[in-house]
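Open the model in a viewer and keep a selection tool at hand. The stops below follow one another.

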Amino acid sequence: MTDGVKWVVGGILAILVIASITIRLLPHKADSESYIELKRRVQSWWVMVFIFVGALVIDRRLSVVVFAFISFLALKEYVSAIPTRRVDRRALFWAYLSIPVQYYWAGTGYYGMFIIFIPVYLFLLIPLRLVLAGETKGFLRAAGTLHWGLMVTVFSLSHGAFLLSLKDGPALLLYLVVLTQSNDVAQFISGKSFGKRKIVPRVSPNKTWGGFIGGVIITSCLAMALAPLLTPLTLGQSAIAGVIIAVGGFFGDLTVSAVKRDLGIKDMGATIPGHGGVMDRVDSLTYTAPLFFHLIYYLHF
Amino acid sequence: MKPWPKVLFYVLVVRPIVLIIMGLNVRHRERLPEGAAILVVNHNSHLDTLAVASIVPMRNLARLRPVGARDYFCRNPFCEMLSRNMLGVIPLDRRPKRGEDLFGECVTALNNGELLVIFPEGTRGEPEERVPFKAGIGRLVERCPDTPMVPVFLRGCGKSLPRGEALFVPFVCEAVVGEALAFAGDRKAVARQLEVAMDALEETLPTIADWDSI
């Protein structure tokens with residue numbers, strides 16, 4: 001663990017402690033719905049930080065396993081939320097099996113297989129299995145939705161795990177995840193403070209220009225501040241990384257919102273109290289992980 | 001019967017599978033009773049019993065007795081041995097002979113303070129479809145009128161492992177525990193009373209999409 005990682009982990013813990021204390025001191029009705037929800041949300045943050053940072057500190061391989069498990073939960077939420085046919089069961093099983101394989105490529109740093117396994121091989125294999133099942137009614141829906149789900153929940157997220165195979169990987173992953181999650185919070189807070197004009201009201205009424213621009217500014221500043229501690233990025237490069245993560249996170253969030261709208265559901269699951277499902281928490285990461293990965297891979301590896 | 005092989009099996013094998021791979025979401029676990037009770041569950045999959053066994057507190061596992069079809073769980077002596085000792089199954093004849101005491105073993109278990117798991121549909125049937133409850137549940141409750149009936153609604157198990165499939169495919173599974181119901185005095189009304197409770201539990205869960213409705 002580098003000194004930079006220690007400082008940033010210390011910073012995260014300090015912020016959580018401050019958040020927990022602030023909530024205690026906040027004037028509130030102890031049993032009001034919104035207060036309980038807020039408390040739950042912060043408690044869940046503690047658990048998530050504990051798991052993520054714990055795995056990162058203990059062992060690189062353990063982090064890869066944690067990421068694979070997150071992909072598993074996200075894929076499970078996705079295939080449970082979308083309509084599937086009984087004949088899709090075998091193809092779904094293959095989709096699940098692709099998770100350990102994809103994370104094996106990510107964990108061992110086998111870039112060639114990592115980058116084509118799901119976009120090429122699973123892209124061919126899933127329809128093949130559906131064809132063998134023999135049911136043509138709903139075939140295109142099944143093939144399309146299944147592969148889209150795999151790309152989002154497994155392929156995209158596994159870019160975070162591949163960062164671990166690069167030099168100073170844990171620091172890079174920490175940089176990506178901290179910026180992505182803080183961007184969510186920054187957009188939320190600046191949206192509440194000075195958000196007026198909605199960007200795409202039909203997809204998400206909470207996304208405003210105020211929130212978006214505030215998020216881009218805050219995340220870029222944080223990206224520049226953290227870069228010397230965690231990454232080999234120069235000042236200019238880290239500003240670009242900040243903008244990419246802010247914009248990517250915004251659209252990742254919106255994309256999952258659009259899926260939920262389409263399906264007529266509010267959350268993708270109920271695994272994380274106060275946050276919804278796993279998919280609701282990693283929605284931004286599904287865009288920021290591949291975008292940030294390719295930026296840093298192009299610039300420095 | 002010694003309960004420890006059953007408890008070990010449930011704690012070391014069943015719980016990790018149900019909680020990690022299946023990832024069962026439980027709502028209102030606090031409504032589960034402590035003493036003798038009948039857990040009334042809808043039936044779609046072999047996973048149902050394992051799911052219910054994973055939501056009762058560990059201290060109550062030794063007293064857990066799922067009621068299962070004799071023609072299935074006791075189709076040979078080896079099966080019967082495993083079902084009785086590892087799962088704690090009480091076999092029930094689906095086609096009883098005249099004059100046979102159908103619920104004898106169930107009543108004894110309840111009198112011993114055990115926790116019965118009953119699937120009043122009598123079969124797993126089609127995935128995620130509930131068929132009307134059999135009237136027999138009323139006959140059992142009539143003989144133990146003070147035992148509370150606790151409805152437990154399960155969703156998702158039937159998609160994960162439907163009848164006639166050997167391949168387990170993970171889907172999100174949900175369990176909702178309902179408020180305990182008391183026997184109202186008429187055995188013919190019991191099945192209906194439970195079905196109404198089940199419907200109410202099902203409505204507390206978020207709706208699921210299908211292609212025709214969106």
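The model is predicted, with local features needing pLDDT of at least 70, side-chain atom pairs counting only at pLDDT 80 or more, and totals for chains, interfaces and linings using all residues. Residues are numbered from 1 along each chain as its sequence is written, while chains are lettered from A and ligands numbered from 1 in the order in which they are written.

Next, show strand β3 (residues 64–69) of chain B, which pairs with β5(B) in the parallel sense over 3 bridges; pairing requires at least two DSSP bridges between two strands. Strands are DSSP runs of E, at least two residues, and helices runs of H or I, at least four, numbered from the N terminus.

Colour β5 (residues 115–118) of chain B by face. L115(B) and V117(B) are buried on one side, L116(B) and I118(B) on the other. Buried means that 20 or more other C-beta atoms, placed from the backbone, lie within 10 Å of the residue's own.

Zoom out to chain B, with its 8 helices and 7 strands. Buried residues are 41% of its 214 residues.

Finally, select the contact between the chains: 20 residues come from chain A and 15 residues from chain B. Contact means C-beta atoms, placed from the backbone, within 7 Å. On the side of chain A that touches chain B, α3(A) gives the largest share, 6 residues.

Definitions and conventions: Contact = placed C-beta atoms within 7 Å. Buried ≥ 20, exposed ≤ 12 C-beta atoms within 10 Å, placed from the backbone.
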